[in-house]
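Welcome, and please open your viewer. We will take this tour one selection at a time.

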Number of protein chains: 2
Amino acid sequence: MAKQKEMQLALQMVSGYGGEFSAWRMTGTDPAAYTNMDSYVERAKLAEKGKFQMIFIADTPALPNDLGAQTPMFPMDPMLALLSVARETEKIGLVATLSTTFNYPYNLARQFKALDVISHGRVGWNAVTTSDPSAASNFGAQPLSRKERYAMAHESIQIVQALWGSWEEDAWTLDTKGGKFADMAKIQPINLKGQYYASSGPLPIPPSEQGQPVIFQAGGGYEGLELAGRYASGVYANPYDIASAREHRQALRESAVRFGRNPDDIKMYAGFMFSIGATEEEGLERRRKLMSFNPEEIPSRVSYLGTMVGLRLSVHTVDIDQPLPDDLLERAYASPQDPRSPRALELLKKGLSIRDVLAHGVINYHPVVAGTAVQVADFLEEWFLAGATDGFSVVPDIAYDGVADFVEQVVPILQERGLFHKEYEGKTLRENMGVPYQYGSAETK
Amino acid sequence: MAKQKEMQLALQMVSGYGGEFSAWRMTGTDPAAYTNMDSYVERAKLAEKGKFQMIFIADTPALPNDLGAQTPMFPMDPMLALLSVARETEKIGLVATLSTTFNYPYNLARQFKALDVISHGRVGWNAVTTSDPSAASNFGAQPLSRKERYAMAHESIQIVQALWGSWEEDAWTLDTKGGKFADMAKIQPINLKGQYYASSGPLPIPPSEQGQPVIFQAGGGYEGLELAGRYASGVYANPYDIASAREHRQALRESAVRFGRNPDDIKMYAGFMFSIGATEEEGLERRRKLMSFNPEEIPSRVSYLGTMVGLRLSVHTVDIDQPLPDDLLERAYASPQDPRSPRALELLKKGLSIRDVLAHGVINYHPVVAGTAVQVADFLEEWFLAGATDGFSVVPDIAYDGVADFVEQVVPILQERGLFHKEYEGKTLRENMGVPYQYGSAETK
């Protein structure tokens, strides 16, 4: 597999705070950031200063988590957050998730295209299906089968792309002298009809500087690979180690080839978390602090950690501020069920206390580096040079400070090592991702 | 009927240009304003300087008009336009139309509520049904019967309002010390199910400063009156004369009473257009100029004018730069089919040329005043003191210049006469409209 010279970076924004659920309680964080669009704008400006290719806002149309101790996992509204950022930045890409299951294709096409025009061609749509039952019931629906959801997604993306192409590139004439606002011969209906969705068009929106938004995909399985291979220029993935990341990336590239595309035109972004300190101990201390806000979760985490290494662990039988006792350590093994287990076992064997092993984020959703900026850069370099991914979807622990740490400390190291660009290649998201121009539906061209 | 002391003003924004289709061709207008959110922001800032209660953006999810010579009648996206304005203004209300026919209630509730929170309580939703066949086909639907559309609208508004109220007012605790982000006992599902729509909720959004957005209504008939009487605090109406305006306003007030509400809690805004000059002749010249961009439309307008006064008129048989010949004038009468006819006949009898009668806007969608700022103020005063309306939905001829004329010249006259407020009464739209606080669904409280 040809290695690319430079990695790409996406800043994943989680509802105004950080990737850690207790981030809203840290000193210096605005606890009301959830409703404050400035929090998105400020982080995006920092990321733009750090030449991040894009920000990315995930979404599910529901409130799936308990807000007792945790903040929301999704923004109030992803499109309004993106527009707030679009109006106050110039180059950074703007990607949001909207469900193909619970939005009409016309409305999706309209709002993403409008945003793409307003931002001068910086928008991407992460087109996902929604399986969450609480989301389904918000729309008066029963949860749909995986097969149905993906069939809907194919129809939705095809209709959306066709609507995006319903004005020919030169249809908007703006001839004030001749009195011709647009050339109606070049604005045509699309008249697509599927089993779930249909739309006639045209969309009332001219082309953007990049033609139309970039399609992203997230979510695994055969159906996910097919969707990505057909339509996506970017994929958000959540591998936990280099081997599985490389495997997923290879599968994406092969899927693109299967649908007649160049494998280099599909870029994978691996989710990744970090906590940076001047020393490794400082980085870890920051994570201990974050963990300390929710002591009620410690017992279940300890028990979960035990499962990962084949042991029954309980806060009642072990001292979590001590290393794992030798007799237990001898029986411990990395569970093959969980790709995060080898890392957990490695840290336990190093003699770290159970609390510190947990603080290292071994049971987090993404791989975590707690340490210095150099250690973070080393991690990213190792993955990238191993061909594990084209880039990273970076999830800071704490919203603003985490972004600042990465931009000010990690980015210069990556740039120094020749692993990350020093300036944006162009003005549009397509240019900055290095993916080709597309206009209208790929199928119909 | 109790007369109010002061009228209210809404600035109707038509897709970036003005109320006249040729406005985009006038010198000083940005012909690409359609895609430029700054054009909305700049006009809204002017209107806020002029203490307008609100801006209003109409919408239909379709491209119903020919863009050959005309600009679009609706924005690229109303919510993105409103947010652009919300982020750069402080007090002016922000109202947009979104269809109850072609949007899921959950998505409507979410986006309007998010915008209301972001704008600190300045948002209104003009909840309309969509009959346009080209809109229906954009959603793969057949046009629905009036009865069905209104049944859907009732369900949509009830579900949306219930979702808006799904957090109790004090549910968002933000207790960083105690670690309680929100009180989940005060965030409850709504579990509403109708014939067309259903939603479980809750919405992931806390209350705004005004609790929740204000409901507006537009559209006539018995069904429209019922919808307004039940839910609306504001109504956009298009009466052509004082008598029909007063009748409509009275019907709205009676409808509110029928549903157990105070009639003063429903405010009507009558659509109104104007072209201002230093003299009446200058105002008219501005309209001649606007009309001159589309000479191809003159023949059909002349013919239409004839119909209004009971005559067959053709550009081939009359000189449109002359007054109507005496023999025709003697036979002319105001058609009872068209409420605009008396005004057309009056101007013809005054001896104006046919071109100038047309330039006065007698066949426009709204009443038109072409003349001085004092004449515009006189018109508004006459309607308002006659109890014809609570306020006006002002449609400038040319986007920016028209707003500037009104704010700089008409508003001071109205304020001088004690007909318009000199300062915003409060910070929220409800406060500035003088309508009561509401939270959640009216039905369920």
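Let's begin where two parts of one chain meet: 13 residues of domain 1 of chain A are in contact with twelve residues of domain 2 of chain A, where contact means heavy atoms within 4.5 Å.

Before going further, some ground rules. This is a predicted model, in which local features need pLDDT of at least 70, side-chain atom pairs count only at pLDDT 80 or more, and totals for chains, interfaces and linings use all residues. Residues are numbered from 1 along each chain as its sequence is written, chains are lettered from A and ligands numbered from 1 in the order in which they are written, and side-chain values use heavy atoms, with hydrogens and water left out.

**Stop 1: the two domains**

Select 8-277 + 372-433 of chain A for domain 1, then 287-364 for domain 2; such bounds come from an automatic or database domain assignment. Their C-alpha centres lie 34 Å apart. Together the two domains of chain A bury about 1,100 Å², 57% of it on carbon and sulfur atoms. Buried area is the accessible area (1.4 Å probe) that two parts lose on being put together, summed over both.

**Stop 2: a charged pair**

Now show the side chains of A:Arg287 and A:Glu20, which meet in a salt bridge at 2.7 Å, N to O. The term stands for a side-chain nitrogen of Lys or Arg within 4 Å of a carboxyl oxygen of Asp or Glu. Across the interface of the two domains of chain A, the rule finds one salt bridge.

**Stop 3: chain meets chain**

Color by chain next. To see a salt bridge between B:Asp59 and A:Arg110, zoom in on their closest N and O atoms, 2.6 Å apart.

**Stop 4: a phenylalanine**

Finally, select A:Phe406. Leaving aside neighbours within four places in sequence, which residues is A:Phe406 in contact with? Among them are A:Leu9, A:Phe52, A:Phe272, A:Ile276, A:Val376 and A:Leu414. In soluble globular proteins, nonpolar side chains tend to be buried together.
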